[in-house]
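Please look through the structure shown below, chain by chain, before reading on.

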Amino acid sequence: MTQLLLFNVTNGLIIGAFYVLMAIGLSLILNLSNVINFAHGGFLVVGGYLAFALQPYLGFWGALIAAPFLTAIIGWAIERVLIRRLYGRDPLYSLLLTFGLAFIFEDGTRYIWGAQGKPVGIPEALARPLSNSLFFITGYRLFMVGVVAVTVTLLFLLLRYTRSGVRIRAGTLDLETVAALGINVRALRSLNFAVGIFLAGLSGVLAGGQLGLEPTMGASVLMPSFIAIIVGGVGSLAGTLVGGLLIGVASGITAVFLPAASEAIMYVLMALVLMLRPRGLFGEEGLLT
Amino acid sequence: MTAAAQVEGMGSESTRRFAAMAAIWIALALAPYWMPYVGGYTALGTRVLVLGLAAMSVNFLLGFTGVLSFGHAAWFGLGAYGCGLLLKFVAHSTPLALLAGTVLGGVLGGLLGALIVRRRGVYFAMVTIAFGQVFYYIAFQWSSLTGGDDGLRPFYRAPLHFGFVTVDILQNSTAFYYFVLACFAAAVGLMGFLLRSPFGRTMVAIRENERRARFLGIPVELHIWIAFTLSCFFAAYAGALYALVNNFADPRGLHYSQSGDFVMMAVLGGMRNFWGPLLGAIVFVVLQDYISSITINWQIFIGLLFVLVVLFFPRGLLGYLQQRRRA
């Protein structure tokens, strides 16, 4: 029993780490641009399939690096052409636009690569289970967590110590003042959007290695990412980090006792947080409420 | 403009409104007769009415209170399941089934609404999306009751008894159209009455300037909660009708992509206009019907429609026409 519980907690943390990677990208975009990026799952799919297409030429490691960058470039272009026009308008419009983009990405990948699942091959060394006696976790899953940990740490360092990072954080709190100080807010938002999409693309490659690729895979991780943000508190990246891990572990533990409810538990958690602490665990009062 | 001319102008304005109203209702009442000539069929008309009502329920909140709920499919779908479950397990009665669906969706919507009315803007939208999905998972997982992914079946709409006469609405699609039209008219009439009432004016005041409304002593949260709950009841009622249309309820009716379709219908038709969502539903359903009959990748085109409407017709068709007339 203890072993089973421990296994599921570990598993939950791994899934949670994956949610974190998605949710932090969403959160970055939401905080600075006030856009709920419904197409975030779509960008994940694009990232995964790009890796699949690039792998024969670049190998797994090359694809792991190149695919997220390409996805970020696509995201950057879409921000420049479409989403930028909607800043300052009712958030309804960016929501609908990205909702439409999600349809286009999902069906577009289905059109190009087919509805059948596609594998992203992973290096032999990562595919082996770590230990057969204790419990079954492949090296790849641990590798995923490692990539997430490194990426998130890097992101937090960039936000803390680089000029653009500080501007992004300042813009989250008060964009008008940042603009008044002569900073190019348009470029800042584009950069921020591209960074968020980079994370989605990276999630896509990682998920592809674990579960294989399907055009619909983006939609299924979108909701947990939303919940991670709401639980952690809108406006706080650290909150999103905690929120993602928390719902991952909660659904891991629930899977032991009541497998059918492992998805529902996230929503219960969200309802509880909204009742007891409406701004979310780390959210700042007055921001976006 | 002189005062007399102004009065005259207002007179023609209200005449025009009356004419438009009459035209809409006559067109709806005669739909089974003119639709075959433009390539439609009665069942399509019934579906448009029901989905249009759902879009109007979303717009009751979005267009007139300015609150964006992106999770209305949940209440719509709960209405469908409430209706279907009653018909399947409890009683073979269409009015009771409608009532059961409406109450199920409306009450649950009102309860959850109480949790979230303090949220605004994108945050409100996000929370409604996420909560909406709860019911999708429940319908999906609880397959012993709901049939899971396969949907809830079999159940059939029961004939209507009016004491001296019984109307078969199962086989006779024209009779069923008129039944749905009557249900639609009742709901739309109530909606219009609510919007013209002091309560409806207050909703618009909140939309236009929430802070000012608050300073005037209007309990904003309470009003938003009431508007949200009413809108959930309307959506659930539409959902219950939808279960009758299909003799079927499935989890996809609860999914957030369905919510997106409703919001799209409202925006496409014109969300500042009472009849906009119905027009949006007509265009959306007919387009979807047509595109999905010629290509399996119809989702790409629906996605493109979303993008194009947002970029070029943000006020919707009716808003665009009004703008052009003024110009």
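Chain B has a mean pLDDT of 86, and 97% of its residues reach 70 or more, where pLDDT is the predictor's confidence in each residue, from 0 to 100. This is a predicted model, in which local features need pLDDT of at least 70 and side-chain atom pairs count only at pLDDT 80 or more, while totals for chains, interfaces and linings use all residues. Residues are numbered from 1 along each chain as its sequence is written, and chains are lettered from A and ligands numbered from 1 in the order in which they are written. Chain A averages a pLDDT of 87, with 96% of the residues scoring at least 70; among its elements, the lowest mean, 75, belongs to helix α4 (residues 124-127) of chain A and the highest, 92, to helix α2 (residues 40-81) of chain A. Where pLDDT is low, the predicted coordinates should not be read in detail. For the complex, the predictor gives an ipTM of 0.85 and a pTM of 0.88.

Consider next how each chain is built. Chain B contains 15 helices and 2 strands, where helices (H or I, at least four residues) and strands (E, at least two) are DSSP runs, numbered from the N terminus. The radius of gyration of chain B is 20 Å, close to the 20 Å that the globule rule gives for 327 residues, so chain B is as compact as a globular protein of that length; this radius is taken over C-alpha atoms, and the globule rule is 2.2 Å times the number of residues to the power 0.38. Along its principal axes, the C-alpha trace of chain B spans about 65 × 50 × 50 Å. Chain A, in turn, has 11 helices and 0 strands, and its C-alpha atoms fill a box of roughly 60 × 50 × 35 Å along the principal axes. For its 289 residues, a compact globule would have a radius of gyration near 19 Å, and the 19 Å of chain A agrees with this.

How do helices pack within a chain? Two packed helices are described by the angle between their axes and the distance between the axes. In chain B, helix α13 (residues 276-294) and helix α15 (residues 316-326) pack at an angle of about 120 degrees, with their axes 7 Å apart; axes are lines fitted to C-alpha atoms, for helices over the stretch in contact, and angles run from 0 to 180 degrees between N-to-C directions. Gly276(B), Leu279(B) and Gly280(B) of α13(B) make this contact with Gly316(B), Leu317(B) and Leu318(B) of α15(B), two residues being in contact if their C-beta atoms, placed from the backbone, lie within 7 Å. These residues divide into 3 nonpolar, 3 polar and no charged, where Ala, Val, Leu, Ile, Met, Phe, Trp, Tyr, Cys and Pro count as nonpolar, Asp, Glu, Lys and Arg as charged, and the others, Gly among them, as polar.

Finally, the two chains meet in a contact that takes 36 residues from chain A and 36 residues from chain B. On the side of chain A that touches chain B, the largest share, 15 residues, comes from α3(A). By class, that side of chain A has 28 nonpolar, 4 polar and 4 charged residues.
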